[in-house]
Each structure stands twice: as structure tokens, then as C-alpha cells.
Amino acid sequence: MGSGQLVAVFGAYGRTGRFVVAELTARGFVPVLSGRNARALEELAGEHGLEARVASVEDLASLDRALAGTVAVINCAGPFASTTGPVIEAALRAGIPYLDVAAELEANLDTFAHYREQARDAGAVIVPAMAFFGGLGDLLVTAAMGDWTEADEAHIAYALSSWHPTAGTRLSGAVSRERRGDHRLRYTGGQWERRTDAAPTLEWAFPEPMGPRPVIGEFTMADVVTVPQHLSIPDVTTYMNTEAVRDVVAPHTPSPTAADESGRSDQTFLVDVVVRSGKAERRITASGQDIYAVTAPLVVEALERVLTGATRTIGVASAGEMFDAPDFLRALGPHLALDLHPEKQTA
């Protein structure tokens, strides 16, 4: 457990940041609240009796002050296209691990491209996308692979009962769309494709009792960045149920509201992962409540493992490369229900 260690949380006052602060506190860490909004920081600090340090990515000295004396930093502040670089560099200057919860494809691609060598040379640990999108899917694909050293394709299908986006989700999505322009991204044949056609609508056979549901295919999420970084799978595709897509793109869908004392919404999720190699197919599913809330135990479990040396590499690494994926998923038992399906042969 944390034993009073100071952990900086950049963007602590956002919805995900608040869940991360609560999870850190529950595990014995002392969160140091940071971000650019002084009033929001002061309010959150007053609620929890914690220290607040105002910082912005435009003021590098303020980032250094925010990280002073901490053992790690968790970046929860979107849009990550703006925050990852400056906060990673501050972490490297401070000599501490960096983790983030970025779901932005471009931000995650930038992290792997720009900091891999620098972090490796420094012996630093950087874990991007350690969240529901990116980290969880990566862990599930890695666990499903088991003893396979390569596979032909990986599919990650999401079914959300609803998707009420936070302000951060909307802003990050807008930044990603601006960077992509009229294109969408797809990973196939071991490389990225920029496409201008509409993503296909098809049916995904989720496990019972959910059963077949219409989904948007090639609804490319952060998992499509993280998985190919360490697994030999040339085709990685993510899918999202059409109801959730309608919610998240509608301009007037409200933000999440608390449905229990922990602050979780009543949203439920199912993640269905299938990997195929030749005629063999392996499948694993995970289910739980509130995609923003479940990010907190994901990233804080990762933090604990980094700080205790329960890691498999250094530098910039995806969750499944950095950690023992089956063991990590078992540790999430209080927050996640897992179902490992028997391997089957396809026609």
C-alpha cells in the first residue's frame, strides 16, 4: 500500500481525476492535487484535506513545483494532445514514473514515438493510456493470447448501456477530430491507414445474455495503439455498440451523474475480446460499472506495481507489456467481472 507516499495527480478535479484521488487515498497514498484551475483545486483540497499545487503546461516551472517530493505523477488532464508532452518531460526531470489515462489516439501515438528512446535511456517508466480505453483492452488481449507469441487478428468489442460523456471526453474528442481532419484511422496489415469512408455498421455476437448487437466497426480506440506496441498482431480492430455511439456524439447528452455513494453512474459495460490465430480462437470478456470510475483502480493498481518493482520492462510501455496481465486482471476482482471462454476452432 501507499504508506503515505505523495503522488501528484494532474487534472485532479475532473471526473476521472476525482475517482483517482479517492482510489489513491483508499490505498494509503497521499494525493497532491494539481492543475491549472486554482478555484477547483482549492475546493477539492478542502473536501479531502489535501495539498493543492496550481500548475499549467505553459509554465514548466510550475509543473516542476507540482511534482516536487512526489514518487510519481498520474496525468488525468485532457486534452492529452496538450498535456502529455509537458507532464512527461516534467516527470523525466523529476526522475519519477509517469502514468496517464489518455484515450486520444494521436496523443498516445505521440508518446510512444517521441519518448520511447529517451525514457529507456533514462531507465524511466512511462505507461500511457492506463485506463478503460487502452489499458483494459490491452490487458485483456494480452491475457487472451496466453502462450501464443503471435496472432492473426485481435477484436475488442465494447457494449455500454449508455455513454454520457464528461466535458473532458468532449474536448479530447474535438481535439482528436481536429487533428485527423476528414480522416479516420484503422490498423490493418501491421500499419495505420487513413480512411475517408464511413466506418461500417455490423452485428457483434456478444456473449449471452446480451447476445448479438449492432456495432460501429473500426470505431478505433486507444487499444488499437497500445496492443501492436508489444504484441505481434497485424490486424487490431475495436467496435462500439450503436446506442453508445449515438449518446457520445449527440451534442445534448448530459454528463454522468452519481448513482451510488462512490459517485459512480449507473452505466454498465461489457468488453468482449477475441484473438484468432489460424483456425484457433481465444476469447475473454470483462464487465463492470462506469467506465470513468473503473479507470481509477486500473491506473492506481498500475502505479502500485511500478513503485514496488512488479514490472517487466522500462521506458514507454503498454499495460500488457509492463505488467503480468492475468495477475493484474485478477487484482481488479472487486471492480471487474472476468470470463475466460474455452478456446475453440473456427471453420
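**Helix packing up close**

Helices (H or I, at least four residues) and strands (E, at least two) are DSSP runs, numbered from the N terminus.

This is a predicted model, in which local features need pLDDT of at least 70 and side-chain atom pairs count only at pLDDT 80 or more, while totals for chains, interfaces and linings use all residues. Residues are numbered from 1 along each chain as its sequence is written, and side-chain values use heavy atoms, with hydrogens and water left out.

Within helix 2 (residues 38-48), Ala-40, Leu-41, Leu-44 and Ala-45 are buried (under 20% relative accessible area, with exposed over 50% and partly exposed in between; 1.4 Å probe, protein chains only). Looking down the axis of helix 2, these buried residues fall within an arc of 130 degrees, so they line one face; the arc is that of the directions from the axis to the C-beta atoms. Arg-39, Glu-42, Gly-46 and Glu-47 are exposed on the other side of helix 2.

Helix 9 (residues 242-249) can be read in a similar way. Its residues Thr-242, Ala-244, Val-245 and Val-248 are buried. Their arc around the axis is only 155 degrees, which puts them on the same side of helix 9. That buried set packs against strand 7, helix 7 (167-180), strand 10 (201-205), strand 11 (212-216) and strand 12 (235-241).

The whole structure holds nine aromatic pairs, meaning rings of Phe, Tyr and Trp (its six-membered ring) with centres within 6.5 Å; planes under 30 degrees apart count as stacked, over 60 as edge-to-face and the rest as tilted. Phe-132 and Phe-133 have ring centres 4.8 Å apart and planes at 75 degrees, so they pair edge-to-face, and both Phe-132 and Phe-133 are buried. Phe-133 also pairs edge-to-face with Tyr-158, because their centres lie 5.0 Å apart and their planes are at 70 degrees. Phe-133 belongs to helix 6 and Tyr-158 to strand 7 (residues 153-160), so this pair ties together parts 25 residues apart in sequence. Tyr-158 is buried, as is Phe-133. Ring pairs join Phe-132, Phe-133, Tyr-158, Trp-163 and Phe-269 into a cluster.

Finally, helix 6 meets helix 10: Phe-132, Phe-133, Leu-136 and Leu-139 face Ile-291, Val-294, Thr-295 and Leu-298 across that contact.

Technical notes: Contact = heavy atoms within 4.5 Å.
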